[in-house]
Structure formats: structure tokens, C-alpha cells
Amino acid sequence: MIFGRSERGKPPVEPVTLKILVAGGFGVGKTTLVGAVSEIRPLRTEELLTEAGRPVDDTSGVEAKHTTTVAMDFGRITLREDLVLYLFGTPGQERFWFMWDELSEGALGAVVLADTRRLEDCFAAVDYFERRSIPFLVGVNCFETAARYPAEAVRQALDLDEDVPVLLCDARERESVKEVLIGVVQHAMDHAADRRQAALG
């Protein structure tokens, strides 16, 4: 089966499309993650960092970063012939957070990408999804220069609920990112099932 076409004699499969957000702090690897798995050329809205933004863009720990996302990153990945994910990477800096409400509309769930060298940078994203009851997991992007911590230590540092998954990943590696996305879909399905069960009493 080729996406969008059917084998001879079989009706075409109408895929279910799901929207996943990729959030986190400045320079944590959101654009890299979307690009690692997208089967289309990702739409990127990156601009060069400027002197004017230097007072508000903290580049400590990511000194090699020269661009930043100002609107969103967009990519697509087909997990199965009947399941397509649309990925929306959110801008990391506080001055662009007004876009998050628009981007989160209709989202199944989210990945909060974290860097253990700047863990506090993902607090805002965790808080955002908790307050809006959007299911999310934390993907710890394992940078080569960052100390490695067990997932449970990251959970405690972020004060996450027990049911929020924490996965170690490499945002550059397609298979690693796919595992994270599958984890988000599974967590969102479990979250929906729990809410249905609670509604039934």
C-alpha cells in the first residue's frame, strides 16, 4: 500500500489524522525532532537570532544556536496506512506563547521536550498542558554534553503525576522519535478511556 493509493481490488483506506504538539524550552530540539520523522519537507518558520533578542533569549547551554522558531514547525508522519500524525512544533520563547492556544486547538496530545541542562525551561509547557487537560509525555532529549538521569529522577524534578510518561530520546534519530510519538498516542488513548470510565461512574 502506498499512502493515498490502494492495492488492486481493495478500496482506498481513509486514514485517521491526529494532531500532536511538540513543545518545550528555547533550543531544546523541537525543530530537529519534527524534521527527524517528517515524511514531507517540514515547514519551518525559523529566523536568525538578533542582537535585539539577546536580552530575552537565554542561549546559555545552547551557544551554538543561531536561529529560532517564530511561528511553528509542521511535519507529517504515517505510522500505519490508516493512521497519520500531523506534528506542530511550538515556538519556545515566552514572547511567542500567544500562538500556543491556536496551535493546541484539536490536539490529541503533546510532547514536552526537555533538556536536563536547562530543565526549568520546560516548566511552562508542562503547566500549560496540565491546566488544559491535554495529555502529554515528557521526552528527555539526550544531548551528548548533558548528564544522563533516570526517567524517574526527571519525573520527580518536574513534579509530574505518576501517569505522565517520561521517555529518554534522541531528537535526531527517526526511530527514537517514532517511539516517543507512539507513546503520546497510547497515553492519549488511555487518558480518553479513563475519562470515559469516570463519566460512566
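1. The sulfur of Cys142 lies 6.4 Å from the closest cysteine sulfur, that of Cys169, which is too far for a bond. Seen from Cys169, the closest cysteine sulfur is in turn that of Cys142, at 6.4 Å. A disulfide would need the two sulfur atoms within 2.5 Å. The disulfide count by this rule is zero. Please keep in mind that this is a predicted model.

2. Are these two cysteines buried or exposed? Cys142 has 14% relative accessibility and therefore counts as buried, the cut-off being under 20%. Cys169, at 4% relative accessibility, also counts as buried.

3. Asp115 sits in the loop that runs between strand 5 (109–114) and helix 3 (123–131). This aspartate is buried because its relative accessible area is 4%, under the 20% limit.

4. What does the side chain of Asp115 pair with? A polar contact of 2.8 Å links it to the side chain of Arg117. Beyond the neighbours within four places in sequence, Asp115 is in contact with Val28, Phe143 and Ala146.

5. Helix 5 covers residues 174–200, 27 residues in total. From first C-alpha to last, helix 5 reaches 39 Å, close to the 39 Å expected at 1.5 Å a residue. Directly after helix 5 comes Gly201, with a positive phi near 85 degrees.

6. Several residues of helix 5 are buried, among them Ser176, Val177, Val180 and Leu181. The buried residues of helix 5 also include Gly183, Val184, Val185, His187 and Ala188.

Technical notes. Residues are numbered from 1 along each chain as its sequence is written. This is a predicted model: local features need pLDDT of at least 70, side-chain atom pairs count only at pLDDT 80 or more; totals for chains, interfaces and linings use all residues. Side-chain values use heavy atoms; hydrogens and water are left out. Helices (H or I, at least four residues) and strands (E, at least two) are DSSP runs, numbered from the N terminus. The expected span of a helix is 1.5 Å times one less than its number of residues. Buried means under 20% relative accessible area, exposed over 50%, partly exposed in between (1.4 Å probe, protein chains only). A polar contact is a pair of N or O atoms within 3.5 Å; within protein, one must be able to donate a hydrogen and the other to accept it, and residues adjacent in sequence count only if both atoms are side-chain atoms. Contact means heavy atoms within 4.5 Å.
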